[in-house]
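I opened this structure to look up a few points. My notes follow in the order I took them.

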Amino acid sequence: MLFDTVFYTLGAVLIIGGLVGAILPSLPGVPMIFGGIWLIAAVDDYRHLGLWWLLLIGALGAVAVIVDFIASTLGAKRVGASKRALWGASLGTFVGMFFGIPGILLGPFIGALLGELSSGTSVLRSTHVGIGTWIGLLCGTLVKLVISLVMVGLFGVAMLLG
């Protein structure tokens, strides 16, 4: 009984931390949410949350992670960025993950800016592409937050109805 309470609490902490991580890029929000949901389902012996619920919630989580990763690149593409800027935005997103919040916020912008500059366009045009990349990052974060809330909502529905 004591271990059940500990694991339920740990699952709740993971879910809450994951919701914070859906906004703060330094935490792996969606995987934390899914891990918390899965932990609670396991402690509950999958009585309320079975395989199909977990697959649905996991698929939503996968979509959120994919959208989050490619959002900045799509933002750059939307403003007509060159292929070098798109590669720069992707590389900047990846490298930025290792530098905490400043890296994740600035990495895609700097990558797209440098990529566009290397293709021979002006500084003003390159800055425009960098800003488009950053706006894509913000939109991706918003989509990730919405999907995270849907995941938690489905978890709640499954626990109530299951």
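I started with Lys 144, which sits in helix α6. The model is predicted, and I read it as such. Is Lys 144 buried or exposed? I found a relative accessibility of 8%. Buried means under 20%, so Lys 144 counts as buried. Next I looked up what Lys 144 touches. Leaving aside residues up to four places away in sequence, I listed Gly 21, Ala 22, Val 30, Ala 64 and Asp 68.

Val 30 took me to helix α2, where this residue is part of the contact with α6. I noted that α2 covers residues 29-43 and α6 covers residues 123-161. Their axes come within 10 Å and cross at roughly 5 degrees. Angles under 35 degrees count as roughly parallel, so α2 is roughly parallel to α6. Which residues meet there? From α2 I wrote down Val 30, Ile 33, Phe 34, Ile 37 and Ile 40. From α6 I wrote down Lys 144, Ser 148, Met 151, Val 152, Phe 155 and Met 159. I sorted this contact by class and got nine nonpolar residues, one polar and one charged.

I moved on to helix α4, residues 83-96. It has 14 residues. From first C-alpha to last it reaches 19 Å, close to the 20 Å expected at 1.5 Å a residue. Which residues of α4 are buried? I found Ala 85, Leu 86, Gly 88, Ala 89, Gly 92, Thr 93 and Gly 96. They cover an arc of only 160 degrees around the axis, so they lie on the same side of α4. On the face turned away from the buried side I found the exposed residues Lys 83, Trp 87 and Leu 91. I also checked what covers the buried residues of α4; the cover includes α3 (51-78), α5 (100-118) and α6.

In helix α3 I picked Leu 74. At 49% relative accessibility, Leu 74 counts as partly exposed.

Last, I looked at the loop between α2 and α3, where Asp 45 lies. Tyr 46 is found in that loop too. For Asp 45 I noted a phi near 55 degrees, a positive value in a residue other than glycine. Tyr 46 also has a phi near 55 degrees. Asp 45 counts as exposed at 54% relative accessibility, while Tyr 46 is partly exposed at 38%.

How values were computed. Residues numbered from 1 in each chain as written. Predicted model: local features only at pLDDT ≥ 70, side-chain atom pairs only at ≥ 80, totals over all residues. Heavy atoms only, no water. Axes fitted to C-alpha atoms, helices over the stretch in contact; angles between N-to-C directions. Helix = DSSP H or I, 4+ residues; strand = E, 2+ residues; numbered from the N terminus. Parallel < 35°, antiparallel > 145°, perpendicular 65-115°, else oblique. Contact = heavy atoms within 4.5 Å. Nonpolar A, V, L, I, M, F, W, Y, C, P; charged D, E, K, R; others polar. Expected span 1.5 Å × (residues − 1). Buried < 20%, exposed > 50% of the residue type's maximum accessible area, 1.4 Å probe, protein only. Arc of directions from axis to C-beta.
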